[in-house]
Each structure stands twice: as structure tokens, then as C-alpha cells.
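User: I am new to this structure. Please take a close look at its salt bridges and walk me through them.

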Amino acid sequence: MLTLYTRKIMRLTLLTLLTCLSFLAAHAQSTGVLSGSVRDKQTQAALSGITVGIEGTTLGAVSDDNGNFRIADIPVNTYNIKAQSLDYKPQVVYNVVITSGNVQVIAIDMEANTVGLTEVTVKANPFQKPAETPLSLQTLSAQEIKSNPGGNFDVSRVIQAFPGVGGTSGSVGGYRNDLIIRGGAPNENVYYLDGIEVPVINHFATQGSAGGPTGIINVSFIEDVNLYTSAFPAKYDNPLSGVLQLKQRKANPDKIQHNVRLSATEVAYTADGPINKRLSFLASARKSYLEFLFKALQVPIQPSYWDFQYKLDYKISKNLSFYTLGVGAIDNFSFLVPDEQTPENIYTLRSNPLINQRNYTNGYGLKGLMNKGYWNLTFSRNMLNNKLDKFEDNQNPIEAQRTLKIRSQEIENKMRFEYNNYYNRWSYSWGVMAQYDKFNNEIFSRVRNEVRSNTGVILQPAVTIRGNTALDLWRYGAFGQVAGNFFKEKLTLSLGLRTDGNTFTYDGNNIAKTISPRLAASLLLIDNLKFNASAGRYFKIPSYTILGFQSNGSYVNRNSKYIQSDHLVAGLEYIPAQGRRVTLEGFYKLYNNYPVSRIDGISLANKGGDFSVLGNEPVNTNGKGRSYGLELQLQQKLTKNIFAILSYTYYRSEFTNATGSYEPASWDNRHLLSFIGGYKFKRNYELGVKFRYQGGAPYSPFDLAASQQNYVALGTGIYDYSRFNDLRLGSFNSMDVRLDKKWNFRKWSLDVYIDISNIYASVQPEYPKYTFKRTADNTAFQTTDGGQLQQDGSNAVPLILDKPEATVLPTIGFILEF
């Protein structure tokens with residue numbers, strides 16, 4: 001049965017679509033422009049004399065002395081772009097959409113051909129990986145992200161189609177960006193934008209973790225995305241499960257161009273172009289208007305956000321360049337008192353906090369080219385301001401009924417230096433990093449109310465967390481990595497080493513405890529078939545919310561250890577044809593020193609998939625964990641108008657709680673199946689389809705007595721952790737469909753799309769919710785004695801909400817380029 005919200009949205013979407021299409025019945029064909037640059041993949045030096053051609057046409061160009069090329073008068077369509085030269089392996093850039101609105105700007109990195117042309121036929125391989133990461137690496141182009149059904153132009157949503165990558169399907173119907181990679185928690189991933197670490201990439205982010213309901217990064221800026229799920233290069237610090245590396249495109253070198261995107265939830269504006277011959281820019285701003293839509297639909301939550309992004313590129317000389325970038329967001333989460341105060345609406349109002357969040361990252365980079373190599377020097381600063389408030393009744397906040405107050409600020413100031421050099425078949429790199437961090441945190445959290453019997457006997461003592469922290473520390477690290485290829489590139493080997501330290505934890509300066517070696521190998525068994533393997537040890541410092549937690553004026557978690565994860569991965573990669581790949585990988589991850597809560601005895605590996613804060617509590621870092629599984633993937637780059645990714649993962653994820661026994665993790669879905677694909681029709685129509693299936697997530701039942709006693713104060717039920725994750729939700733499955741149509745005019749283009757999430761109205765599982773029954777007219781809580789609800793809930797009528805309804809989310813959007 002469809003929800004009332006869904007039916008209203010579908011009517012609005014259909015009416016809007018019919019109205020808009022009536023104005024676009026007549027349209028004109030036109031041409032577009034492709035611009036770009038070609039570089040040596042290893043040395044980053046500009047390459048001249050490279051032939052760049054558009055497959056399926058006779059159009060092409062040759063790169064100039066600065067590595068630049070430009071191809072004009074291209075009929076509007078989608079193409080694959082091929083670059084080739086005698087001294088370099090051919091390279092293909094897939095799925096490049098040419099329109100009359102914006103110039104398409106691409107960068108092509110080419111790998112030198114070290115094997116003689118007479119000895120082997122060199123083919124273009126879009127799946128070529130670096131020696132240090134021969135497996136567990138996935139790549140997406142900007143167009144694959146933009147056209148993803150149900151993705152809302154959100155990088156985090158799109159990469160959930162990759163093997164081993166899931167989301168928190170049980171938390172809010174699968175509509176959060178918590179990335180669960182190979183059974184690891186959402187806080188085990190790190191994110192980089194052009195070499196600058198960006199700790200917060202989601203609006204309404206869960207502090208101490210990373211997830212949120214929607215992403216911040218503007219996809220219009222992105223050239224490609226790399227996701228590492230193991231075999232992490234030694235230059236990255238703090239990953240245990242994943243590294244998401246985003247590379248931004250160059251600005252249009254000829255003139256300033258504009259992009260406006262309008263959807264049912266937001267409006268975004270992007271501009272890029274030259275300022276002068278050496279300086280160019282990218283800039284964007286986005287504003288949501290979900291609060292207006294939700295108000296019209298009488299949805300209790302009222303989210304509102306802004307985000308901003310910019311980049312400046314300055315060419316100082318032929319071998320020296322400078323860039324600066326910035327990403328920021330303003331988030332507010334409030335409530336609307338709905339006309340119908342049903343149990344579902346009241347639960348939403350009582351269980352979630354009011355959120356006021358601000359965050360930004362600013363980065364500055366200097367890149368120098370040298371003989372057979374290059375170096376990077378970056379400085380960055382990021383800050384998160386987080387305000388959370390929660391009351392027994394969020395509709396009428398009264399200070400005496402406050403259950404949560406958080407005023408938190410995280411500040412990081414970072415410096416990174418990286419040196420890369422190449423000599424014949426060998427490559428090596430080394431680098432150092434240092435950062436100065438500050439964490440300020442004022443917290444009041446009422447965990448339990450005091451409950452007394454009629455005779456005044458305390459049945460449940462009050463449990464309250466209070467603290468006021470002002471913490472600062474230094475963090476530092478160093479790495480080195482060397483790789484080589486042998487037997488005419490049939491075998492590649494890579495060895496890396498990293499260590500990290502800090503000045504706060506008791507043994508933080510003992511860098512011998514965080515030495516993290518890593519080894520990777522790739523062997524060509526037969527033509528187009530490789531065996532790949534890697535082994536590595538990785539460390540992550542506990543979150544600031546853990547390190548900075550105080551009790552009675554002392555840092556109770558100062559003895560925390562770095563979380564350790566050891567990875568073993570092996571697999572096969574088969575490339576039967578250009579642009580087509582089949583991979584099979586097995587993985588095993590072993591965790592040590594995982595933080596376990598001293599309050600409820602639960603590993604923090606099982607937390608972080610909601611809108612609260614992770615880690616504001618005393619912990620012991622003695623938890624263990626393990627995750628292991630098998631992944632299968634079939635991928636087809638754009639060929640004959642079709643592109644697709646099909647993946648299946650079976651895995652187990654288990655962590656120890658205070659009891660020391662292994663229990664299924666909250667992310668132990670067991671089965672992940674996903675498909676994402678598209679077809680390019682004639683006349684600039686494109687159809688995209690995405691399907692996801694996840695096995696049921698485990699969860700714990702409610703402690704019914706404790707839940708009834710504490711619901712009035714907390715607004716949620718209390719779990720019975722003596723039966724931790726004893727139960728499982730039903731499986732999650734959903735299909736999203738998107739249809740695009742582009743109109744190209746003389747100097748501008750318009751893309752109109754309709755996107756339908758969960759098109760066949762699958763009922764998506766959600767964790768059960770504990771609340772109290774309402775009266776027939778929904779004006780008050782129902783009581784057993786007909787009187788006023790008691791503070792301890794003793795006269796309430798408990799109600800478990802465990803029957804979610806199907807939600808179909810259609811939306812229409814417009815992308816205007818000029």
C-alpha cells in the first residue's frame with residue numbers, strides 16, 4: 001500500500017512533467033565542443049603529439065606542446081574518446097556526453113609502453129590499476145554518477161552498486177549514505193578531494209562516524225571517482241575499510257559557462273571558466289527546499305541545507321602549479337507539528353534531535369614536476385560545528401525536560417608532502433604528514449531517568465552523561481612505497497610501509513605500535529586473465545568524541561589504542577573484451593582494539609547509523625572483530641549504447657561486545673546484490689535502471705519493562721542487549737528507474753529527467769519502533785486508567801511500530817547548460 005506522501009508526490013510530478021514537455025515539442029539539433037589535456041600517468045608531464053579521436057566518427061585532434069587539445073563541431077551525442085601514441089598504451093575515456101550547452105572538459109592520463117611493440121599487441125584497458133592496488137579498486141566516471149537512477153547526483157549512493165558496498169537499509173529505509181564496506185562500520189572510511197582530506201561529505205553528518213542522508217560534493221565538478229576497498233596505498237592514513245578518492249575536472253579554458261540544476265528537492269548553480277590565461281575557476285552553490293515540500297505533505301521533519309564548493313587553478317610555470325579548493329555546508333533540522341499526531345508522527349518528533357550543523361574544508365596545493373616524477377605539498381583546514389538538542393517533547397521544548405545538549409567543534413589543520421619518482425620498471429614514493437587538531441565539546445545526555453516505586457524505593461537510578469572538553473593534540477605520520485614490474489609486465493610487486501602517532505594518548509608517541517606493512521602482487525596467468533593478491537595492516541585513531549570524553553574532569557579514554565585491521569585479499573580479473581571485465585575476489589578482515597562502550601557493553605563497530613553522535617561515552621579498546629566474504633562483479637563500459645555493472649557479495653561480519661563472544665554485527669546483511677545499467681537511445685534519450693538487494697540486517701529486541709519506564713523521557717525504546725542482534729529484518733530490495741531527454745539548441749541545452757525510486761513499491765524493512773498508543777482522535781496518549789500519562793509510563797499502552805508502508809518517490813528535474 002502506498003503512503004499518502006507518495007501519492008501526493010506522484011500527482012505533483014506527473015502534472016509538472018506534462019506541463020514542461022508541452023513547451024518542448026519542437027527542438028533543434030546542434031553541435032558541441034570537447035576540450036581536454038593529456039598527461040603522462042606517472043610523471044604528470046604534459047604530452048604533445050597524442051592523437052585524440054572520437055570513436056565512430058572521423059573527428060579528432062593532436063595534443064599541443066602543453067598537452068591540450070580541442071575538437072569542435074561534434075554532433076551532439078554520447079561518445080567514447082580514444083587517445084593513442086606509439087610510445088604510450090592507448091587509453092579510452094568512456095561515456096562522454098557532448099551537448100551544445102557546456103564544453104566537455106576531460107583529462108587523459110596515459111601510461112608509457114615499456115614493452116616493445118613487436119613483442120606484444122597493446123590494447124586499451126580502462127581497468128588498469130596501479131601496482132600498489134592491483135585489486136579491490138573501483139572507478140566511476142562523472143557521467144555514470146550523474147545518470148544514476150535514484151542517486152540524486154550523490155556519489156555515496158552510486159558506489160553502493162559496487163561489490164562489497166552496502167548501506168544501512170534498516171535505519172531509515174535505506175535512504176542514508178552510511179557506507180558499509182565489506183562488513184566494516186561507517187566510520188572506517190576516509191574521503192579525499194584532489195589530495196585534500198574532506199572528513200565530512202554528507203549533510204546532517206553523524207559526528208564520530210561519517211554518514212548522513214545526502215551528499216555535499218557537487219557532481220558537476222567531478223571527473224572520476226576511485227573507491228579502494230582494500231590494498232590501500234601507504235599515503236592514506238586512518239582507513240580500515242575504504243578510501244573514496246574524488247578528482248575534480250578542469251574548468252573550460254575558453255569561456256565562462258553555466259549549469260543550473262532544478263529538482264523536486266533542491267536547486268543548484270555551477271559556473272566555471274578562465275579568469276586569465278593562467279588562472280581558472282569552478283564555483284557552485286546549492287539550496288534545498290525540502291522543508292517546503294515536507295510542510296505541504298505534512299511530514300514532521302523539516303530538513304534544510306545549503307552547500308558551497310569552489311576550486312581555483314593557477315599555472316605558475318610549465319613545471320609548477322597551485323590550486324585551492326573549498327567545500328562547506330549549512331544544515332538545519334527542525335520539526336513541524338503535523339495536523340495528524342499519529343503514533344508514527346509522534347515517534348518521529350520524540351526520537352530525533354534538533355540539528356544545527358556547520359562544516360567546511362579549505363585546502364591549498366602546490367604541485368611540482370621534475371625529471372621522471374613529481375611532488376605534492378598540501379595544506380588544509382577543516383571544521384565541524386555541531387549543535388544537537390532534544391527534549392521530552394520537541395514540539396514544546398522546556399529546559400527542565402531536556403534530554404540532550406551537545407555543543408561540539410572539531411578543527412583540523414593539516415600538512416602533507418608526497419614525493420613520487422619513476423625509473424624504468426621501478427616506482428617509489430615517500431611522504432610525511434603533520435596536523436594540529438582541536439576538539440571542544442559540551443555534552444549533557446540523559447541516558448536513563450530515575451524511577452521510584454510508590455513507596456519511594458529507587459527501581460532504576462538516573463544515568464546522565466555530562467562533560468566539557470577542550471582538547472588539542474598533534475598527529476603525525478610517514479610512509480614509503482616501492483613497486484616494480486617484471487617479465488615484460490607479467491608480474492608486478494608492491495611493498496609499502498606506514499606509521500602514525502599522536503601526542504595525546506598514553507602510547508601515542510610509540511610509533512613502533514602502528515607500523516603498518518602492506519604487500520600487493522599481480523600475475524598475468526594467460527592473456528586477459530590475472531591473479532591478484534594483497535595483505536596489509538591498517539590503523540585508525542579513535543574519533544575525537546572518544547578521545548575527548550571526560551568524567552569528573554579527567555579524560556577517561558586516554559588509554560585508547562589505535563584500532564587495527566588486518567586484510568588478506570585474493571582474486572581473479574578477466575577482461576574478455578575492451579571495456580568489459582569480470583572479477584572474483586575473496587577477503588578476510590581481522591580487527592583488534594575496537595572501542596566497546598562501558599555503559600551498554602556494545603562495540604562501537606555496531607553504532608553510527610543514525611542522527612546522534614558516536615563515541616561520547618567511556619570505552620575500553622579491547623574489542624575484536626572479523627569480516628570475510630566473496631565478491632563477484634561483471635562490468636561493461638559504454639559499448640553499443642549499453643553500460644552496466646552487476647555485482648554480488650556474500651559476507652559475514654562479527655564483533656565482540658563486553659562479553660568477549662563474537663556476535664553478528666549490525667551490518668551483517670550477508671547478501672548484497674546490485675545492478676546498475678543504462679541504454680542510450682537515439683534522439684538523446686537515455687534510460688537508467690538500478691536494482692539493489694540486501695539480506696536482512698540483525699537487530700536486538702526491546703527490553704519492554706525498561707522501554708516503558710523510560711519512553712517519556714527518551715522518546716525511544718531501550719534494547720535488550722542480553723539478546724544482542726538475536727533478530728533479523730526482512731530482506732531489502734528496490735528498483736529505481738530514470739529517463740533522460742536532452743534538447744540541444746544553438747548555445748544552450750536542456751536535460752529533462754524523471755526519476756522514480758522504488759518503482760514497484762517494495763515494502764522496505766525498518767527497525768521496529770517503540771512508542772505508546774494514542775487516543776482515537778490522536779490528541780493524547782492512551783492510558784489504562786483514563787488519566788494523565790505518568791512519567792514512568794506505568795499507565796501507558798505500549799505499541800511496537802513494525803509494519804512499514806511502501807514508499808515510491810518520483811521526482812522530475814531539469815538541467816540547463818549555457
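Analyst: What follows looks at salt bridges, pair by pair, in a predicted model. A search of the whole structure finds 48 salt bridges.

Start with Arg249 and Asp272. Their closest N and O atoms are 3.1 Å apart. The cut-off explains both labels: buried means under 20% relative accessible area.

Next come Asp389 and Arg402. Their side chains meet in a salt bridge, at 2.6 Å from N to O. Asp389 is in strand S23 (residues 373-391) and Arg402 is in strand S24 (residues 402-423), so this pair ties together parts 13 residues apart in sequence. Asp389 and Arg402 are buried.

Now take Arg446 and Glu392. This salt bridge has its closest N and O atoms 2.8 Å apart. It links distant parts of the chain, 54 residues apart. Arg446 lies in strand S25 (residues 426-448), and Glu392 lies in the loop between S23 and S24. Both residues of this pair, Arg446 and Glu392, are buried.

Salt bridges can also share partners. That is how Glu197, Asp237, Glu412, Lys414, Arg416, Asp437 and Arg475 are joined into one network.

Methods
Residues numbered from 1 in each chain as written. Predicted model: local features only at pLDDT ≥ 70, side-chain atom pairs only at ≥ 80, totals over all residues. Heavy atoms only, no water. Salt bridge = Lys/Arg side-chain N within 4 Å of Asp/Glu carboxyl O. Helix = DSSP H or I, 4+ residues; strand = E, 2+ residues; numbered from the N terminus. Buried < 20%, exposed > 50% of the residue type's maximum accessible area, 1.4 Å probe, protein only.
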